[in-house]
Each structure stands twice: as structure tokens, then as C-alpha cells.
Amino acid sequence: MLTYIVRRLIVAVLILLGASFLVYVLTAVSGDPLADLRESNAPNRDQLIAFRTDLLNLDVPPVLRYFAWLGGAAGCLVPFAATCDLGNAINGAEVTQLLERAMGQTILLVTAATILAILIGITLGIITALRQYSGLDYGVTFMAFLFFSLPIFWVAVLLKEYGAISFNDFLREPDISLFALIVCGLLTAFLFYLVSVGNLKKRLLTAAVGFAFAVALLWTLDALGWFLTPGFGPVVIAIIGVGLAYGVTLLSAGLKNRKALYSSLIVVGIGMVAYFAVQPLLDRATGLMIFLLAVATVLVGVAVGHFMGGYDRRQNMTAAGLTAFLMGFFILLDRFMQAWPAYFDNSRIRGRPIATIGSSTPNLQGDFWILGLDTFTHLLLPTIALMLISLAGYSRYSRASMLEIMNQDYIRTARAKGLGERTVVMRHAFRNALIPLATLVAFDIGGLIGGAIITEQVFAFSGMGQLFVGALRVVDLNPVMGVFLITGILALVFNLVADLVYSVLDPRVRVKA
Amino acid sequence: MRFGRTSKAVGVAAVAALALSACAESGGGEDPGTGGGGEASGGTVTVAEVNPFSSFNSDTAVGNVDINNKVALLTTNDFNYINSDLEVVPREEFGTYEVVSEDPLTVTYTVNEGVTWSDGEPVDADDLLLSWASTSAYFDDESDPDPEVEGDETGTTYFSAASTAGLDLTEMPELGEDGRSITLVYSEPYADWEIAFGVTDTPAHVVATNAGLADGDALIEAIQNAPEGDPENPQERPEISAIADFWNTGFDSTSLPSDPALYLSNGPYVVSEMVPDQSMTLVRNEDYNWGPIPAIDEITIRYIGDANAQVQALQNGEVDIIQPQASADTLTSLEAIDGVEILQGPELSFDHLDLYQEGGVFADENVRKAFMKTVPLEQIVDATIRPLDPESGPRMSQIFDFGTEPYLAAVEENGSSEYAEVDIEGAKELLDGATPEVRIMYNAENPNRVDAYTLIAESAEQAGFRVVDVGLPGAEWGPALEEGGARWDATIFGWISPGVGVTGVPQLYGCGSASNYVQWCDEEAQEAMDELILTTDPAEQQELQTLVDTRLYETGFGLPLFQSVGINGVSDRIEGTEYMSNQDGIWWNYWEWTVAE
């Protein structure tokens with residue numbers, strides 16, 4: 001195992017050296033870093049050219065310059081010695097500093113999108129696999145491919161046009177017209193129809209219920225002025241909580257496991273008490289406090305499950321812990337909604353909350369909730385854009401892998417020995433279906449840092465992608481190499497990690513030394 | 001046992017509660033709702049800029065980029081400023097300057113009493129002297145006898161100033177008795193003296209302490225005592241070296257420096273916050289009263305590179321003023337927005353067609369003129385800039401900028417009217433049956449240049465020219481400019497006109513000048529230019545420039561084609577903005593902006 005890793009690492013270093021040399025030389029010959037000065041008629045043009053030549057060592061041929069750069073980059077290998085020198089950009093800024101900042105922006109931009117895409121994509125994949133060739137399957141497949149083939153710059157611009165500008169206009173006077181109400185109702189009805197099972201009559205009935213539900217909900221929200229002063233309130237939270245308790249138990253332990261169901265419901269009860277108890281504390285929230293509260297919430301859930309006892313405590317604990325976590329999430333969401341009017345009326349926001357650029361409103365002052373909402377309104381659109389497009393990959397892979405597993409002999413064996421469908425799917429099939437996805441996820445996490453060039457540009461995030469493209473445009477070698485180095489190293493490392501993880505997850509695969 | 005367990009649980013809960021309240025936000029949960037500086041009367045403005053800010057010293061070679069200059073415009077005042085008619089306007093509330101003697105040219109600058117940096121330190125002698133020292137190259141003694149030989153360089157260039165034009169003709173200046181004036185003596189008359197000197201962005205007392213000197217007076221002493229640079233006889237100047245090192249890079253920063261001395265202001269605004277690569281915010285400099293007092297309380301600059309993103313941000317109310325890269329798409333989408341005023345006008349960069357004079361097909365003046373007659377100026381303008389600004393037209397002067405008063409006067413007499421219309425017959429006559437081959441070099445990756453080339457080539461071929469396309473990719477055309485005659489006979493590329501000042505003229509058209517790629521040399525024009533750079537009277541300057549302009553047309557130098565177009569979008573929340581063609585852009589009259597709400 002160890003020799004295998006070492007061997008892979010050595011190969012990785014060689015690949016990195018070769019690739020960096022190629023990229024360096026190719027970029028160097030791709031353009032003229034002095035182009036803007038050649039066209040300048042400043043009286044001291046020659047002097048300016050000399051300054052830049054001096055700063056970037058342009059008088060040294062690219063091949064030799066590469067080794068000078070490599071020497072500086074090698075300093076980065078010495079930990080804590082502060083000898084890391086990736087050179088300067090054309091404007092004199094240090095590349096190490098540029099990279100640090102750009103990475104922060106990129107991670108902010110793509111993390112939520114990637115996590116959501118993984119969660120939603122896998123869920124959709126599993127569901128469509130279980131209902132193969134149903135209307136739902138075809139619908140999801142169609143949508144996934146549609147989103148996958150959309151150009152992101154177009155999606156992003158449309159999202160900004162409708163999701164931000166039009167939505168903000170709507171918020172000025174939130175009145176849903178009858179036409180919009182009916183369209184929303186019909187869409188929901190269609191969705192309900194796709195998801196429902198049974199004969200045509202039953203499905204149409206479900207669709208009608210969906211239509212009525214959507215119309216009633218929207219109409220009520222509109223009448224209550226919910227769009228300007230959103231919130232759940234304790235009653236809705238309680239209803240949601242009970243729903244969560246049943247849903248989580250259904251998936252994790254099955255409703256027949258009464259102990260699990262009761263522990264989930266008890267957790268919901270505790271959550272309702274906590275809802276009132278923590279409000280004053282939440283008014284003074286910080287990120288750390290929310291984290292601690294989350295940990296405490298899960299612990300309380302697990303403890304409740306533990307003390308419920310029963311023949312399978314673990315199932316209680318899982319169900320109750322999950323319920324507690326989700327319950328806490330909704331309480332948090334409610335608190336964010338309580339802060340919405342203050343955010344909306346803030347003089348920096350001027351009643352147009354959904355943003356089209358950047359990651360925060362400059363000079364916005366406020367507490368944890370206001371700033372949290374600000375991040376949310378800024379990240380909402382880029383996250384949707386990125387998520388829609390990467391959804392396809394995950395849902396397709398997980399569907400294929402789930403279908404393969406469901407046709408395996410051991411699934412038939414499990415059914416034959418009388419296990420319930422829930423146990424077969426959740427315990428035997430689902431876990432194994434995730435193994436091939438481990439590779440995909442590892443790659444994607446490695447690719448995260450590389451940046452989303454177009455999304456960054458459209459949403460004015462100055463992340464890795466923009467750093468790379470901007471530098472490439474003016475033939476600014478050092479930032480290009482900085483980005484390449486980071487993405488290259490991550491790609492190689494996560495490649496290795498994916499292989500190792502695979503061998504850990506799947507005992508049939510063994511790493512040969 | 002059971003009791004113990006309960007008390008343990010209570011203990012854990014108590015500790016947890018303590019921990020939670022410890023990490024709670026101090027100050028309690030009062031509603032911070034309408035935080036920020038929006039309450040004051042003047043309102044706030046958010047302006048989108050393409051490039052992020054990088055340095056508080058916009059006078060260094062590296063720091064001298066548009067965005068840094070624009071911020072400096074807000075945070076520093078000077079003896080004069082440039083208005084949208086491209087005229088130099090003295091700012092007497094800040095200080096005064098007068099020409100004491102014409103021969104030798106001697107100018108005295110005096111800062112008014114009471115003008116201070118935002119830390120209370122007056123703007124006075126040390127700042128004036130440092131401004132001169134850093135932009136005059138007085139101490140530089142670097143020389144490189146043979147550029148081909150490595151290691152024979154001697155001496156040092158101390159201050160890496162963006163420009164030392166004019167001040168390099170001055171001797172060590174005298175400081176006035178009042179402690180806030182300086183007298184510059186030029187070794188020869190210098191035409192652009194009025195824009196040669198100004199108080200730089202950098203407070204001298206801050207530079208002094210950071211360079212290891214006691215204070216501004218010590219800095220004055222260090223500068224006055226250091227010997228003048230002589231490349232023949234390089235010397236060590238440790239104090240100047242320390243001052244220059246700090247001046248060169250000490251003010252570079254993309255985030256708000258922890259030391260407030262690094263972003264002092266002597267203008268109406270002072271920087272209050274910076275988010276790297278995202279935004280920066282400027283608020284009023286409370287002490288400021290030596291110039292027009294702006295109406296706006298707070299200005300936020302957001303960096304948005306993408307033109308379309310700028311337009312949508314304007315539409316969504318996130319920014320109030322945008323200055324996107326001009327394109328037909330941008331204009332169309334701007335026009336579709338309600339409540340936005342579009343400002344458009346010429347920028348100072350202009351494309352031009354130059355003909356190689358020394359040898360080759362264009363050595364013959366008649367061939368040059370015949371070629372110029374075939375250039376379809378109107379068609380080129382239709383294809384490139386008119387869609388962006390219907391009021392634009394071809395630039396009909398090599399020297400003056402489109403639409404300015406001297407331009408309108410020069411167009412009448414510089415002979416450019418001969419080339420206003422395509423004259424194929426006239427060209428044929430001049431060619432007299434010959435079919436010369438013309439190689440045209442241009443940047444093949446610049447769509448405007450490709451359009452211009454295509455139209456010129458098409459038209460020229462009608463007159464009998466055989467046009468050869470030697471357009472080069474973006475990476476290669478720049479160096480190829482210097483190979484006129486060998487690789488091309490005509491070339492299309494761009495210059496950026498300085499807008500004010502005349503010393504750029506010999507730079508482009510002087511015999512043997514480095515930027516005179518076509519080797520044009522005309523005795524009459526050269527004499528006029530020699531005189532021009534020594535002439536300080538604006539009327540005489542204009543006369544001499546017109547003469548050079550006329551000679552350029554008469555001798556067939558080539559043709560200027562068009563000035564590129566700039567587009568600004570301004571939300572109707574903001575009033576008082578006006579288009580500006582130079583690199584200050586929309587910022588030039590920020591003190592006249594008001595918020596209408």
C-alpha cells in the first residue's frame with residue numbers, strides 16, 4: 001500500500017514538472033506581455049518597457065525563465081519557511097497573495113452548488129432508478145439533459161434577468177396575478193402527476209390535489225403579505241416537525257419501528273420547546289454558536305433515541321438525530337426569515353434583495369442574520385446556475401449504478417429471504433450504489449478549486465477562473481502558472497485519493513503494491 | 001447513581017449554556033436594521049469599474065493604471081485639473097502657480113495655507129520637494145553602455161516614476177520662505193510645463209518615517225544634500241535609495257492597510273473600506289475645504305469586469321454608474337432599461353493608417369496620396385463606431401482630438417478635406433496606370449482593425465492597388481511594427497492621445513523618433529516641432545500643431561481613421577454627470593454629482 005502511494009506520488013511530481021514546463025513555454029510564446037506598452041505613446045515608453053522587462057525577467061528566454069520560476073516555486077515545499085515565491089503579476093502583485101484570495105472566492109462560490117448538486121443529483125438518480133421507465137424517470141432524464149446542454153453564460157444571464165431583476169421588481173408590489181397563480185398550479189399538478197403512482201384516475205386525482213394545494217398556498221401567502229414578511233411561526237414549524245419525524249423514520253427505520261418513530265416525535269416536541277427557549281439566544285448569534293447548537297441538537301436527538309431503548313437502539317438514534325438536525329435547520333430558517341424585513345429595508349439594499357454580482361453588499365452592517373441573508377441573496381443565483389448544470393452528471397451516474405445493483409443476485413436473495421423493500425433499497429442497494437460515485441465526487445472536489453470561469457465572470461466573482469483567464473489575456477505568466485500549479489496538484493492528489501477510497505469502500509478492489 | 005447522572009447532565013448543560021453565551025455576539029440583539037452611512041443627507045453612489053484597485057501611489061510605473069488614478073482624483077487635490085473640453089483649469093482654492101520668468105522658464109508653486117493631509121499634517125515644502133524628486137529622475141545615474149552585453153550596467157534608477165517628462169529638465173528647486181512653495185527652473189523652455197508638476201499622492205512625512213528618517217524636514221535635507229545623478233560617475237545615495245524603495249512599493253495594496261498613514265487624503269474623500277477584488281468605499285474627508293465640496297457623502301466602487309454584468313447590475317440597482325467596454329450589444333441592452341441615462345462620446349484612443357515612407361512602394365508621394373484617396377473613411381466609421389455613437393465621425397486630424405475647438409479649427413485648413421470622400425478616379429490619375437503592391441499589417445485579432453483593413457483593401461483594389469494581407473496575430477503584430485519596409489508598407493494600429501499637452505507630437509512624428517514607425521521626416525514639420533516643445537503660449541502652440549498637422553496631410557503620412565467610443569450608463573438617481581473623453585472618464589466632475597431621491 002505504502003509503496004503504491006509513494007510510487008504514485010513520484011509519478012505525480014514528474015507529471016507536474018512536465019506539464020508545468022509545457023504550460024509555461026506555451027503560454028510564454030502565446031503572446032506579447034509588452035503589447036499594451038508598444039502601442040503607448042507615453043514619453044517614457046522605453047523606460048516603462050524596461051521596468052516591466054525587469055520585473056518579469058522578460059529578457060530571459062522562456063525556457064530558462066521556467067527554471068527560474070521553478071526555483072521560486074520549489075521554495076513553497078519548505079513548510080513555514082516563508083520562502084514561497086511564485087513571482088509577481090504584471091501589476092506587481094505577489095502571485096501567492098492573488099491565489100489565496102482567488103481560492104477563497106472560488107470556494108465560496110462553488111461549495112454550496114457542489115454539495116447541493118451531489119445530494120439532489122444522487123437522490124434523483126436513486127428515485128428514477130427505482131421507478132425506471134416511469135413518467136417521472138423520463139421527466140427527470142429530460143430535464144437533466146436539458147440543463148446539462150444549456151450554456152451556462154446564457155442560464156446565468158437569464159437567471160439574473162428573471163431571478164434577480166424581475167423578482168426584485170415583483171417584491172416592490174408583491175401581487176400574484178390570477179394567470180401566474182394558475183400557471184404555478186398547473187406546474188405543481190404536473191409534478192404531482194409525475195410523482196404519483198397507481199391508475200390514471202388516481203394519478204389525476206393526485207394532480208388535482210396538487211393544483212388546489214399550490215393555488216391555495218400561493219394565494220394565502222400573497223394575502224398574508226408573506227413575501228415581504230416571511231416566516232413559519234410555531235404552528236407551521238410543529239407541522240413540519242411531525243412530517244419530518246414520519247419521513248425520516250420511514251427512510252431510516254421504517255414506520256413499524258415504533259420506538260424510532262416515538263423518539264423522533266419526542267425530539268420534535270423538545271424542538272418546539274427549544275424554539276421558544278433559544279430565540280433570545282439566537283438574537284445574539286455567531287457562526288460558532290450556531291455550530292455548537294447544531295452539535296448539541298444532534299446529541300440531544302441521539303440521546304433521546306438511546307434512552308428510548310428497544311431491540312435496535314441504533315435505528316432510534318439515527319432517526320432521532322436526523323430529525324433533530326432537520327428540526328434545528330427549520331428553526332434556523334425561521335429565524336433568518338424573521339430578519340428578512342430588516343434586511344429588505346436596509347438602506348444599502350433599498351428593497352432589491354437578490355443580487356446579480358459579487359459575494360456581499362459593500363458596507364452592509366448588521367448582525368449574523370442580516371449578513372447571512374446577504375450572503376444567501378448573493379450566492380443564490382450562481383449556486384442555482386452551477387447546480388443545474390452539474391445535476392445531470394450525478395443523477396445519471398447514480399441512476400445507472402443503482403439500476404445495476406438492483407439487478408444483482410444478492411438483491412434477489414435479500415428479497416427472497418423476506419426483507420422489506422425499504423431495507424432492501426436503503427441497506428443493501430443504496431450503499432453499494434454509492435461506491436462508483438466516490439470516484440466522481442473525489443474528482444469534483446479536486447476540480448472545485450479550478451474555478452468556474454464563466455460563472456465567475458458573469459457574477460463578477462474574482463476567483464481562480466478569472467485570475468487564470470485575466471492573466472492569460474495579457475500573457476501574464478506567473479498568475480497563470482500559479483493557478484495551474486494549484487489545480488494540477490489537486491487533480492493529481494484527488495486522483496490518488498479516489499483510487500484509495502475505492503479500494504477501501506469496495507473490498508473486491510485491492511491496491512497492488 | 002441516578003442522581004449523579006442527573007447532576008452530571010445538569011453540569012454539562014450549564015457548561016454548554018456558558019459556552020454558548022460566551023460565543024454570542026456582544027451588544028445584544030437590538031435591531032441593527034438600517035445600519036451604514038445612508039442616513040446623512042448627501043446620499044451614496046456606487047460606481048462600477050472594470051479593474052480592481054492596486055495602489056495608493058498612482059505615480060509609479062506599476063501603479064499608474066486608470067483605476068488608481070481615478071481613486072487618486074477623489075483623494076488628492078492639485079494645482080489644476082482637466083475639464084471635459086480637455087482644458088487645464090487651475091484650482092486656486094488648493095494653491096497657485098505662476099511663471100516668474102520666461103527665460104529661463106521659472107515657475108513658482110504655492111500651496112494655500114490650511115491645506116492638510118487627513119491626519120492634520122499640512123501639505124507643504126516636504127511634499128512639494130518629494131513630488132519633484134520622485135518624478136524628475138534627478139538622482140538617477142543608471143547606464144547600460146552596451147545593451148547586448150550582460151553585466152556592464154552601472155548606477156541606479158531610484159524612483160520608478162510613471163513619467164518624468166518636463167521635470168527632468170529642472171535643477172534642484174528652491175523652497176520658499178513660507179515653507180509651502182517651490183520654484184522650478186527649467187534648463188530650456190518646456191511647452192507642457194503646466195501639467196509637468198503636481199503634488200503626488202504620497203505624503204512626504206509618511207514616506208520619511210517609513211524610510212527611516214525622522215520627519216519631513218529630514219527628508220528635505222536628505223533630498224537637498226544628495227548629489228545629482230551622473231551616469232558617468234555613479235554614486236551611492238543611501239537615504240534617497242531608502243526613500244525611493246518605500247515610495248516605489250510601500251503604497252501598493254489591494255486591501256485596506258493596517259497603518260492609516262498609508263492612505264491619507266488631501267482631497268474631498270478618504271478611503272474607509274476595501275474588500276480585495278470586490279469593492280472599495282470612500283467617505284468624506286471632514287477637514288476638506290480647499291476646493292469644491294462634493295454633494296455625495298459616500299462613494300462605493302465595485303469591480304465588475306464583464307460588460308453585460310455591469311448592465312444588469314445597473315438595472316438591478318446594485319450600481320448607479322457603469323462604464324462598460326463599449327460594444328453594440330452593451331448599448332442595445334442599456335437602451336432597453338428604463339431610468340438610465342446613456343452618455344456616449346469619443347475616447348482618446350484612435351486608429352490610424354500609416355504609410356511607410358523610407359523606400360518600398362510608398363516612397364513615392366503620389367502613390368501615398370493615391371492610396372489615401374481610396375480610403376473609405378465614412379464606410380469604416382459606419383462599420384466600427386457609428387453603431388455605438390451616431391454623432392461620431394471619422395477623425396480628420398492627426399494631432400487634435402475629435403470635437404475639441406482646436407480640432408474644428410484645424411480641420412478647416414489642414415488639407416484633410418481632400419480625403420473625406422473616396423476618390424477612385426483621382427487615385428487612378430495619380431497612379432497613372434501603375435498597379436503597385438501594398439502589404440498592410442494590422443492586428444488580425446482586433447475586429448475593428450480587421451473591418452478597417454477589409455474596407456481599405458477593397459476600395460484600394462478598385463484604383464488598381466494590389467493589396468497583400470499581412471495581418472498578424474495579437475502576439476506578433478506589436479514587435480512587427482518596427483520592421484516597416486521589410487514586412488509591411490502600410491499598417492493600421494492605434495495611439496492613445498494624451499488629450500492635453502503638446503510634447504507627444506514629436507514623439508510620434510519627429511524625425512527618427514522611436515514611435516515614428518513609418519520613418520516620416522519632414523523638415524518644415526520638424527522645425528515646427530522643435531519650436532513647439534519650447535513654446536509655452538497656447539495660441540502659438542496651436543498654430544505650430546496645425547502646421548505639423550497640415551504637413552502630415554500634405555506629404556501623405558497616412559490617415560487617422562476614427563476615435564473609439566466610450567459608453568457610460570447612469571441611473572437617473574444620479575444627476576450632474578457628464579461624459580469625459582480622457583482616462584478620468586465619468587469621474588472628472590464628481591463634485592457636481594447629486595443624488596435625486
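**Reading the interfaces and the backbone**

Me: How many Å apart do the C-alpha centres of domain 1 and domain 2 of chain B lie?

Reply: In this predicted model, the C-alpha centres of domain 1 of chain B and domain 2 of chain B are 36 Å apart. The domains themselves, whose bounds come from an automatic or database domain assignment, cover 70-249 for domain 1 and 347-564 for domain 2 of chain B. Where the two meet, with contact meaning heavy atoms within 4.5 Å, 14 residues of domain 1 of chain B and 14 residues of domain 2 of chain B take part.

Me: Before going on, which conventions apply to the numbering and to the predicted model?

Reply: Residues are numbered from 1 along each chain as its sequence is written, while chains are lettered from A and ligands numbered from 1 in the order in which they are written. Local features need pLDDT of at least 70 and side-chain atom pairs count only at pLDDT 80 or more, whereas totals for chains, interfaces and linings use all residues, and side-chain values use heavy atoms, with hydrogens and water left out.

Me: What area is buried between domain 1 and domain 2 of chain B, and which three residues supply 51% of the area that domain 1 buries?

Reply: The size of an interface is often given as the accessible area lost when the parts come together. Here buried area (accessible area, 1.4 Å probe, that two parts lose on being put together, summed over both) is about 960 Å² between domain 1 of chain B and domain 2 of chain B, and carbon and sulfur atoms give 64% of it. Of the part that domain 1 of chain B buries against domain 2 of chain B, 51% is supplied by Leu86(B), Ala191(B) and Asp192(B), more than any other three residues.

Me: How many salt bridges does the rule find across the interface of chain A and chain B, and how many across that of domain 1 and domain 2 of chain B?

Reply: A salt bridge is a side-chain nitrogen of Lys or Arg within 4 Å of a carboxyl oxygen of Asp or Glu. By that rule there are zero salt bridges between domain 1 of chain B and domain 2 of chain B, while two cross the interface of chain A and chain B. One salt bridge joins the side chains of Glu298(B) and Arg348(A), at 2.6 Å from N to O.

Me: What are the contact and the buried area between chain A and chain B?

Reply: Chain A contributes 61 residues to the contact and chain B contributes 67, and the area buried between the two chains is about 5100 Å², with carbon and sulfur atoms giving 49%.

Me: Which peptide bond of chain B is cis, and which residue of chain A has a positive phi although it is not a glycine?

Reply: Most residues other than glycine have a negative phi, and most peptide bonds are trans. In chain B, a cis peptide bond with omega of about -5° joins Asp103(B) and Pro104(B). In chain A, Arg350(A), which is not a glycine, has a positive phi of about 50°; Arg350(A) counts as partly exposed because its relative accessibility is 33%, buried being under 20% relative accessible area, exposed over 50% and partly exposed in between (1.4 Å probe, protein chains only).

Me: What is the phi of Ala137(B), and why does Ala137(B) count as partly exposed?

Reply: Ala137(B), although not a glycine, has a positive phi of about 55°. Ala137(B) counts as partly exposed because its relative accessibility is 27%.
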